[in-house]
Amino acid sequence: MTALTGEALHRFAEYGYLVVPGLVDARDLDRADAELDRLLTDGPPPCGHVGFHFYWQRPAESPALFQLLGRSDGILDTARKLVGCTGVEVAFDQAQVALNIPPYVHRPGRPHIDGYAPGQHTPGTFTLLAGLLLNDQLTDNSGNLWVWPGTHLAHAAFFAEHGSDAFAAAGGYPDIDLPEPTQVHGRRGDVLLAHYLLGHNIGGNYQSERTRRAVYWRLRAPGHADRWAACLSDAWHEYPTFRHALDRGGHQPIQAPR
Ligand SMILES: O=C(O)CCC(=O)C(=O)O
C-alpha cells in the first residue's frame, strides 16, 4: 500500500482529510458512471434545477456502487489501513450519489457534521467518509466539496467540553471557531477520505459548465454503534493508527501501514 505514506497520515491527523489518487480503476469508474446515467434517466432532477441533487442507494438497488468498494487495495482496504482496523464497513447500507449542477452560485456560510436528524435518539455518526470523484475537480467553484481543515479536532474539543448531549442541540452545527475553508481538488478516480468530525459543506458550481459527480459512503469501524458518544469527544478513539502514535507521546512518526 503506497497510497498512505507517513506524510499522508500526518496530513490526515492535522487536517482531518486526504485525497488518495487513482484508487478506483477505469472499469469501475465506467460502471459507476453508467449507474449514475441510469439513475438520472429513471429519476431526473426537476427541469431547470441547479445545485445539489442526491440519490440515496442501497446495495440491491445499485450493486455497481458497492462492488467497487471491495477491490484489493481499493476504497475499503485503504480506509481500513488508515483507521488501523480490518473491520471497517459501509454504514447505513447506503451510497450517496451527489450531483452538483451548474450554474450554482453559492458559497457555504459554515460547515456541518453529518448525522443529525430532528427527534432522532441515537445520532447517525460514523468513523469516516469516503468520497469517489467521478470527474476532475482541479479548480475551485466547480461543485467541489468544501472542508474546514482541522475542525475534526475542534469538534472533538467542543464535545469534550459540552458532552455528547450537545450533539442534538448543535443540530449538525457545533459552535466552534472556524479556520479558513478549502475546496477539495482531485481527479476522476481519486478518493477523499475524511474524518467523521471534519466540518464540510456543499460548494457552488459557477466556474464550470459540467455537473459535478461524486459518490459518498459513510464507513464505520466495528462496534461504533456502542461507542459513538466517546468518538465525538476523542477524534482518535476508534483509529488505532493514530491512537498508538498519540500514546507513544504524540511526537513519534505515525507508521505507514503495510
Ligand atoms: O455534495 C457534496 O459534495 C457534499 C454533500 C454533503 O455535504 C453532505 O451530504 O453532507
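## Helix α1 and its cover

The buried residues of α1 are covered by elements that include β1, α4 (75-83) and α8 (240-247); cover is counted by contact, meaning that the C-beta atoms of two residues, placed from the backbone, lie within 7 Å. Helices (H or I, at least four residues) and strands (E, at least two) are DSSP runs, numbered from the N terminus. In α1, which spans residues 6-15, Leu-9, Phe-12, Ala-13 and Tyr-15 are buried. A buried residue has 20 or more other C-beta atoms within 10 Å of its own, with C-beta atoms placed from the backbone. Just after α1, Gly-16 has a positive phi of about 90 degrees.

The model is predicted: local features need pLDDT of at least 70, side-chain atom pairs count only at pLDDT 80 or more, and totals for chains, interfaces and linings use all residues. Residues are numbered from 1 along each chain as its sequence is written.

## The open sheet

Six strands form an open sheet in the order β1-β7-β4-β9-β3-β2, and their pairing is antiparallel. Two strands count as paired if DSSP finds at least two bridges between them. At the edges are β1 (17-20) and β2 (51-57), each of which pairs on one side only. From one strand to the next, the twist averages 20 degrees; angles run from 0 to 180 degrees between N-to-C directions, with axes as lines fitted to C-alpha atoms.

## Strand β9 and its partners

Strand β9 covers residues 212-220 and pairs with β3 in the antiparallel sense over eight bridges. Within this strand, Arg-212 is the bridge partner of Asn-100, and Ala-214 is the bridge partner of Ala-98.

β9 also pairs with strand β4 (residues 128-133), again antiparallel, over six bridges. Ala-214 of β9 is the bridge partner of Leu-133. Eight of the nine residues of β9 are buried, and the strand is mostly covered.

## Around the ligand

The shell around the ligand consists of Phe-52, Ala-98, Asn-100, Asp-114, Leu-145, His-200, Asn-201, Ile-202 and Ala-214. Two or more residues of the shell come from each of β3 (89-101) and β8 (200-202). β8 gives the most, with three residues.

By type, the shell has five nonpolar residues, three polar and one charged. Here Ala, Val, Leu, Ile, Met, Phe, Trp, Tyr, Cys and Pro count as nonpolar, Asp, Glu, Lys and Arg as charged, and the others, Gly among them, as polar.

Definitions and conventions. A residue is near a molecule or strand if its C-beta atom, placed from the backbone, lies within 6 Å of it. A residue is buried if 20 or more other C-beta atoms lie within 10 Å of its own, exposed if 12 or fewer, and partly exposed in between; C-beta atoms are placed from the backbone.
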